Amino acid sequence: MDIFSALITALGTVGVLAVAGTVTAVIVIARRSRFKAPRPSVAGAPERESIRSLELDAGSALVRVDDLIHDAEDELGFALAQFGERETRDFAQAIGEAKRDVREAFALKQRLDDAVPDTDRQQRDWNRRILVLCAAAEAALGEHERDFEARRRRESSAPADLERVRDRITATRARLEALGAGPDAVPDAGAVPDVAGPRFAQVERLLAEADDTANRAEGLLGGREPVSPLIWQAERNATAADRALDAIQRAEQDARRATAELGTFIARARDNLSEAKLERDRNPDPDQRDSVNAAIAEVEDELAAVDHNEARASIDRLHRAVDRLDTALAGARSAERRLAQARDALDGALHQAVSRIAAATDFIAAHRGRVGPDARTRLAEAERQLDLARAEADPVAALDAARRASTRAIDADALARYDALHR
């Protein structure tokens, strides 16, 4: 007799029902436990994966909307020429609001990228906020651009618009020839890398594309196919060529200004060295003397390495070395002397920040599709620090902010150039 039969005999019907109920309960519990108890996973992995996914989405959104704002500003210029200020007022306001949103988004990205640790909740909240801000800006600008695109399909003004675009192409080509006519028109290749050859070639390519598109538009005038989109594209290329020439001229002016400023900056660095040595000799603290000595040695090394053919780069390196020397001397200077020195150095630091921001802005604008969110975030932070420096009443705090602006702009330029080479 098997066990189950024995149980039936021993317990009777009531016992059988009790045992069967127990067995059934055990089977149900076992099945439920099999489906409801998943294998243990690595703690925190889904949450971290979610944060990383949000970070990537936010970075992509920042790049996309930053480029969209630049495109919208181009579009606004075209729309102003075609429809007038009254018809484009709402679009201009939308661009301003989008810029404010994106500035906030870049500020959040900077907080995520800085050295201060952020909690998981902060990372999620800030990345989500970036996505919300970018989506709002993108939606507002897209609506206006679609409106003007629809207006352009009205062909009544096409002949006049085409004539205006051809005038723009002719004027830009005349600028290009004037800049390339004499040896002094082209910036020194050592002082301004990636300007003369590649930038002039870029302008020529854009003008050739504008000419080709304008010719196609002219061939379609009077026909059934829409002409305005072609005219708009030709004007867009001509505008991009004009802005590339502006960037070349700014770089040339910056190179010449740097060459003129280098001698003055060398003299100022030597004066700082003399003062630093006096401060060092008067200071009784051996640790402070060692710190000042190390900074003095760095400035002396940079002075010995000055290259007049690379004036801007030499000024940048000297600037950083002198900044570190100032930091080393901070503990030895009285508050009054620090304020006086900060006032003297502030104008130069502001000018330096403006120049570095302009250089990074021009490079990113010329390589929009290949520059990622990190470079753009550093540039936005540089612009924010420059605004703080200009608004700051305390010259010491203003000088610190101006120097931070230069540092962030240099970082932005380096990251942008890396992206342009590797994307």
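Modeller: The protein exposes about 23300 Å², and carbon and sulfur atoms supply 53% of that area. Accessible areas follow the Shrake-Rupley method with a 1.4 Å probe, and for residues only the protein chains shown count as cover. This is a predicted model, in which local features need pLDDT of at least 70, side-chain atom pairs count only at pLDDT 80 or more, and totals for chains, interfaces and linings use all residues. Residues are numbered from 1 along each chain as its sequence is written, and side-chain values use heavy atoms, with hydrogens and water left out.

Colleague: How many helices and strands does the secondary structure of the protein come to?

Modeller: Helices (H or I, at least four residues) and strands (E, at least two) are DSSP runs, numbered from the N terminus. From that end the elements run α-α-α-α-α-α-α-α-α-α-α-α. The secondary structure therefore comes to twelve helices and zero strands.

Colleague: Which helix gives the most to the lining of the largest pocket?

Modeller: A pocket is an open set of points on a 1 Å grid over the protein atoms alone, where a 1.4 Å probe fits, with protein on both sides within 12 Å along at least five of seven lines; lining residues have an atom within 4 Å of a point. The largest pocket has 36 lining residues, with His-70, Glu-73, Thr-361, Ala-365 and Arg-368 nearest its centre. Helices supplying at least two residues of this lining include H2 (45-83), H7 (228-282) and H10 (335-366). With ten residues, the one that gives the most is H7.

Colleague: Is Asn-272 buried or exposed?

Modeller: Asn-272 lies in helix H7 and touches Val-322, Leu-325 and Gln-341, not counting residues up to four places away in sequence. Contact means heavy atoms within 4.5 Å. Buried means under 20% relative accessible area, exposed over 50%, and partly exposed in between (1.4 Å probe, protein chains only). Because its relative accessible area is 12%, Asn-272 is buried.
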